[in-house]
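Please keep the sequence and the structure in view while reading.

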There are 2 protein chains.
Amino acid sequence: MIPTKREVEAACNRVKPYVHNTPVLKSSYLNELSGAEIFFKCENFQKMGAFKMRGATNAILQLSEAQKRAGVVTHSSGNFAQALSLAARNLGVKAYIVMPENAPQVKKDAVKGYGGIITESESTSTAREQEAERIQKETGATFIHPSNDKNVILGNATSAAELLESHPDLDYVFTPVGGGGLLAGTSLSVKYFGASCKTIGGEPFEVDDAFRSLQSGKIELNDTANTIADGLKTFLGDINFPIIRELVSEIIRVEETEIIAAMKLIWERMKIIVEPSSAVALAALLRDKERFKNKKVGIILSGGNVDLKNLPF
Amino acid sequence: MIPTKREVEAACNRVKPYVHNTPVLKSSYLNELSGAEIFFKCENFQKMGAFKMRGATNAILQLSEAQKRAGVVTHSSGNFAQALSLAARNLGVKAYIVMPENAPQVKKDAVKGYGGIITESESTSTAREQEAERIQKETGATFIHPSNDKNVILGNATSAAELLESHPDLDYVFTPVGGGGLLAGTSLSVKYFGASCKTIGGEPFEVDDAFRSLQSGKIELNDTANTIADGLKTFLGDINFPIIRELVSEIIRVEETEIIAAMKLIWERMKIIVEPSSAVALAALLRDKERFKNKKVGIILSGGNVDLKNLPF
């Protein structure tokens, strides 16, 4: 069930030539504010601006030559659409991207810019899944799910693996949780490369399906998704949930105002651009900061793709 | 006249414990766009968010114990006000800051946050100079000019010194030019630590006093200052101008639209926050990019203090 240490190590070696070993930044202001010593792993500096590049690259690299010739397909309107497009282009593979017809033009343009072949569908999840299936059948392309795919999870694990290689004595690693691919991957690296380290997820109250899933023991959904953290609106899957259930210590939920405040702190104090989803992990730490006093805490800043024309502050 | 290599090296050793050795970032997108290989020295990640921390720290560290006890004074409404306040606090020294009464509250708050003691004056340069003189007389504090001070220039030189230590084979180093303290300091490090490297200044057409000063051989002023690069509205001084005249190869002027475009590129593509003045150096490179094709170019990103509520895009 749980991928092995050897599998995580193999993923690290596999993706290394294709992704950035992103920098780890510190902020004395945020250390003082939180009482913890925070190590920010900057996936916002990753190629195409998000950790998703890691999972997409690892998944494509695991395909056979015949599979590569037929291409890959996914449905996503977010960072994974861009990540799969760029990872595929880097490896000489075709990427078919199913996007809802009402997706923002700027996101469609980004996918096109990375060479993705866009097919538009209605915006229901049934419609986009049907469209992806049709493409699979017609082209023989391999479907790669944005978060519920073992090789995507293993690729995502490489960020925390790098972080723990340079900072092996972390007490905690925080990530945001949406579809669960980053949280699951991170928990694997924490298990295998941490000394005495725990994995914690940050999640908006507005879409707290992962929190409720850990409580109920089965995958819960969200009725609404009124969060600014647009990367976290999806829910867990049958491949990542068992990993999260076994390896993640807890999920801390945060209010929308806390997300915006954390995002503003990162922008103003660290001078780096992160998307709202990334700020959720810091918001979770700050919400419960008393518990993490004097601890060494890694935070995966998951991405930096924001619309500068539409900022929450 | 021109400070010696030994003086620059001494400044490097002197400020080292008090400033960040800021990271150097690269962007494959901007390399492709420019045709050059660009190494961005990120002073926006410096303490208080700008290179000015280096000069302020070096200047205070050169004072005698008696001078330190009496404090330091400057007039500035920009980054140097914050830099001198923080550098002074770090060294247990009082900092008196003369700010125009109409300076934005956010800037006054920042200075107060770093422990600076603010005196307000009318916003003319005569009024603020008189106020600084009054404080000098009353307190015995030492006046430190934001850019036209040998020890400030030597401190500023340490950024390019670090950049050239990690990348000794740069062909060019670009900085913005306003008061001339960064450009002069950078040209010293380029002279002493570069292999075959040249220093180039970027300057807005709207305040092209440095460009005209190099042409006429004397310090020129600006009649107006309608530039978004608010850190570059000041003019050269009698201490930095001789250094610039001897060591700076040229100054490239840029339009306001080019500054905003370069700033947006850095934000969107590098996911880092820089102030408009910093973008002037990249704008200068991009304006004349044909000349710098296949060259290794360092760019000092001078600072990242912007008002997020007032962005030009």
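## Relation of the two chains

Chain A can be laid on chain B by a turn of 180° and a shift of 0.0 Å along the axis, with an RMSD of 0.0 Å, where copies are superposed by least squares on the C-alpha atoms of residues with pLDDT of at least 70 in both. That is the relation of a two-fold axis, and in chain A the C-alpha nearest this axis belongs to A:Ile272, at 2.1 Å from it.

The model is predicted, so local features need pLDDT of at least 70 and side-chain atom pairs count only at pLDDT 80 or more, whereas totals for chains, interfaces and linings use all residues. Residues are numbered from 1 along each chain as its sequence is written, chains are lettered from A and ligands numbered from 1 in the order in which they are written, and side-chain values use heavy atoms, with hydrogens and water left out.

## The interface between chain A and chain B

The contact (heavy atoms within 4.5 Å) takes 19 residues from chain A and 19 residues from chain B. Of the interface residues of chain A, 100% are also interface residues in chain B, so the copies meet through the same surface.

The size of an interface is often given as the accessible area lost when the parts come together. Between chain A and chain B the buried area (the accessible area, with a 1.4 Å probe, that two parts lose on being put together, summed over both) is about 1,500 Å², and carbon and sulfur atoms give 64% of it. A:Lys271, A:Ile273 and A:Leu308 supply 41% of the area that chain A buries against chain B, more than any other three residues.

Helix α12 (residues 256–270) of chain A gives the largest share of the side that touches chain B, five residues, with helices (H or I, at least four residues) and strands (E, at least two) taken as DSSP runs numbered from the N terminus.

## The two domains of chain A

Chain A is divided into domain 1 (5–50 + 149–301) and domain 2 (53–143), with bounds that come from an automatic or database domain assignment. Their centres, taken over C-alpha atoms, are separated by 24 Å, and 23 residues of domain 1 are in contact with 16 residues of domain 2.

Domain 1 and domain 2 of chain A bury about 1,600 Å² between them, 57% of it on carbon and sulfur atoms. In domain 1, A:Arg14, A:Tyr18 and A:Met48 lose the most area to domain 2, together 42% of what that side buries.

## Polar links between the domains

Across the interface of domain 1 and domain 2 of chain A, the rule finds three salt bridges and 10 residue pairs in polar contact, both residues at pLDDT 80 or more. On the side of domain 1 that touches domain 2, the largest share, eight residues, comes from α8(A).

The side chains of A:Glu162 and A:Arg54 meet in a salt bridge (2.9 Å, N to O).

Methods
Salt bridge = Lys/Arg side-chain N within 4 Å of Asp/Glu carboxyl O. Polar contact = N/O pair within 3.5 Å; in protein donor to acceptor, adjacent residues only side chain to side chain.
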